[in-house]
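Student: Could you take me through one part of this structure closely, the nonpolar core and the polar and charged residues around it? I would like one connected account.

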Amino acid sequence: MSFDIDLYVDSSYNGFWPPEVIEDYFQEYHSKAAELARNIDWDEIILYAIYCFDEETEALISADFMLLRMDYCRYCKFAEKIAPGCRLFFVRNQ
């Protein structure tokens, strides 16, 4: 049984969506982030998704998609402050 997931784009709520739609967004934003990462410095990242999970069941509760360019040090500070049930996705310049 799959449950609908809260979808956010740039932290704006977009309703409940099935996992397949979330996966489509993930693919799209990963591709966009990889494209943007071609033009960033060696010490920067593009943050493109934040997934929040239920800590007991490990079910995906929400997904927020964005394209945020930041230096890696700032990212690390942000990662320390985020809830333990969240997972951050980013790309670097290869």
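Tutor: Happy to. Contact here means heavy atoms within 4.5 Å. This is a predicted model, in which local features need pLDDT of at least 70 and side-chain atom pairs count only at pLDDT 80 or more, while totals for chains, interfaces and linings use all residues. Residues are numbered from 1 along each chain as its sequence is written, and side-chain values use heavy atoms, with hydrogens and water left out.

Leaving aside neighbours within four places in sequence, Tyr48 is in contact with Phe26, Tyr29, His30, Ala33, Asp64, Phe65, Met66, Leu67, Phe89, Phe90 and Val91. A nonpolar core is a set of buried Ala, Val, Leu, Ile, Met, Phe, Trp, Tyr and Cys residues joined through side-chain atoms within 4.5 Å. Buried means under 20% relative accessible area, exposed over 50%, and partly exposed in between (1.4 Å probe, protein chains only). The largest such core has 17 residues, and Ile22, Phe26, Tyr48, Ala49, Tyr51 and Phe65 touch the most other members. Two or more residues come from each of strand S1 (5-9), helix H1 (19-37), strand S3 (44-53), strand S4 (60-71) and strand S5 (86-92). Helices (H or I, at least four residues) and strands (E, at least two) are DSSP runs, numbered from the N terminus. H1 makes the biggest contribution to this core, five residues. There is also a second, separate core of eight residues, with Ile45, Leu47, Ile50 and Met70 among them.

Now to a charged residue out of the solvent. Asp6 lies in strand S1 and is buried yet has no salt bridge; Arg87, the nearest side chain of opposite charge, is 19 Å away. For charge, Lys and Arg count as positive and Asp and Glu as negative, with His and the chain ends not counted. A salt bridge is a side-chain nitrogen of Lys or Arg within 4 Å of a carboxyl oxygen of Asp or Glu. What the Asp6 side chain does have is a polar contact with the side chain of Tyr13 (3.1 Å). That term stands for a pair of N or O atoms within 3.5 Å; within protein, one must be able to donate a hydrogen and the other to accept it, and residues adjacent in sequence count only if both atoms are side-chain atoms. Beyond four places in sequence, Asp6 touches Tyr13, Gly15, Phe16, Ile61, Ser62 and Ala63.

Ser62 takes us across to strand S4. Ser62 counts as buried because its relative accessibility is 11%. Apart from residues within four places in sequence, its contacts are Ile5, Asp6, Tyr8, Ile50, Tyr51 and Cys52.

By the rule above, the salt bridges number three. Glu44 and Arg69 meet through their side chains in one of them (2.8 Å, N to O). Because Glu44 lies in strand S3 and Arg69 in strand S4, this pair ties together parts that are 25 residues apart in sequence. Glu44 is buried, at 14% relative accessibility, whereas Arg69 is partly exposed at 46%. Another salt bridge joins the side chains of Lys32 and Glu28 (2.9 Å, N to O); the two are four residues apart in helix H1, so about one helical turn separates them. Lys32 is partly exposed at 35% relative accessibility, and Glu28 is partly exposed at 35%. The side chains of Arg38 and Glu35 also form a salt bridge (3.4 Å, N to O), with Arg38 exposed at 60% and Glu35 partly exposed at 44%.
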